[in-house]
Amino acid sequence: PMLDVLQTHVTKYGLDALKAIPEKDRNNDVKYITTLLSVYNKFNEVVQTAFETDPSFVASLDKAMRRVVNDNPINKKSTKSPELLAKYSDHLLSKSNRDFNFDKLDEILNKVLIVFKYVDDKDVFQKFYSKMLARRLIH
């Protein structure tokens, strides 16, 4: 029962957070990914502190986050989450030569991997990211 309560609450909170993104910002990769990460970080901290990282509660959080990432209003066409994640990753890596030190970049990319693990369409991410990588290598 408690696992279901956590899963339902995280799902509702995450979907509400994404619905709160203004219509004009729904294609903004930074806003989308940072919203997903803030939801994850908030409830991951709850699972770590209140439930001492119990595997059942971690699994419940994972199920909820997978639903938030893949079944949200912005991801209607089912390719928006992987597309925005690829765009965000490309943005980070193209700026990395100028704006980030490598430790900070590594930390941010580890956070990107958190969202990536919840994306169902990893092949779609690969297609978008491959195009962006090719463009970055050519220019």
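Modeller: Contact here means that heavy atoms lie within 4.5 Å. The model is predicted, and local features need pLDDT of at least 70, side-chain atom pairs count only at pLDDT 80 or more, and totals for chains, interfaces and linings use all residues. Residues are numbered from 1 along each chain as its sequence is written, and side-chain values use heavy atoms, with hydrogens and water left out.

Colleague: Which residues does Ile 33 touch, not counting residues up to four places away in sequence?

Modeller: Ile 33 and Leu 36 touch the most other members of the largest nonpolar core, which has 33 residues. Such a core is a set of buried Ala, Val, Leu, Ile, Met, Phe, Trp, Tyr and Cys residues joined through side-chain atoms within 4.5 Å. Leaving out residues up to four places away in sequence, Ile 33 touches Leu 84, Leu 85, Tyr 88 and Val 115.

Colleague: Is Thr 35 buried or exposed?

Modeller: Thr 35 is found in helix 2, where a helix is a DSSP run of H or I with at least four residues, numbered from the N terminus. Buried means under 20% relative accessible area, exposed over 50%, and partly exposed in between, with a 1.4 Å probe and protein chains only. Because its relative accessible area is 12%, Thr 35 is buried.

Colleague: How far apart in space are Thr 11 and Ala 86, C-alpha to C-alpha?

Modeller: Thr 11 is found in helix 1, which covers residues 2–19. In sequence, Thr 11 and Ala 86 are 75 residues apart, and in space their C-alpha to C-alpha distance is 23 Å.

Definitions and conventions:
Helix = DSSP H or I, 4+ residues; strand = E, 2+ residues; numbered from the N terminus.
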